[in-house]
Amino acid sequence: DGPDQIGFGGARVPGKSHGAFAQVALDDCQRVAELKGLYIRKVAKNAKEQFEDLRRNVLKQVSHEYTRSGVITFPNGSKIVTGHFRTENDVDQYLGLEYDVIVIEEATSLSLAKYKTLRDSNRTSKLNWRPRIYATTNPGNVGHVWFKERFITPARKDSETDTRFIFATVDDNRFSDS
């Protein structure tokens, strides 16, 4: 029960990426053995750099192995792989694959159709896990309208069912100098 799509959105800087990564790495992957997560972002270089930064900051004291190809593996067999899509058609490379949990950075850089394509890969064969997506974004871009309809409007109307939205502002990050 509960939401299976969690959106984080608002201004730049509040720590949306940090929060989504920490949720998957420190909670989801620690609670469930052999969980497979996908951390995806539009630009490959940005995805890899951000993934490495988050790994160093969030997993300082957590046992894990990291490969330069962008895979984090935990002692219980859970893992997070990094991915990217240069164009929307690149999302199709994830068709047919199974990811128990997906983090989509800058989700509004995807159309609704490609978001749904990723949702098709968000499934599991684990009895003790319900697949979920964590989607971060700033306002704007090609997916602004669908993201607002799926996450923000239900949150504002207090009518969320399978989604939850976490509003974020620069004031939420006490470490920011903005």
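**View 1. The residues around the second largest pocket.** Gly 10, Pro 139, His 144, Ile 152 and Phe 165 lie nearest the centre of this pocket, which has 14 lining residues. A pocket here is an open set of points on a 1 Å grid over the protein atoms alone, where a 1.4 Å probe fits, with protein on both sides within 12 Å along at least five of seven lines; lining residues have an atom within 4 Å of a point. This is a predicted model: local features need pLDDT of at least 70, side-chain atom pairs count only at pLDDT 80 or more, and totals for chains, interfaces and linings use all residues. Residues are numbered from 1 along each chain as its sequence is written, and side-chain values use heavy atoms, leaving out hydrogens and water.

**View 2. Who supplies the lining?** Helix 4 gives the most, with five residues. (Helices are DSSP runs of H or I, at least four residues, and strands are runs of E, at least two, numbered from the N terminus.)

View 3. Two strands pair if DSSP finds at least two bridges between them.

**View 4. Strands 1 and 7, side by side.** Strand 1 (residues 5-10) and strand 7 (residues 132-137) run parallel, joined by five bridges. Gln 5, for one, has Ile 133 as its bridge partner in strand 7.
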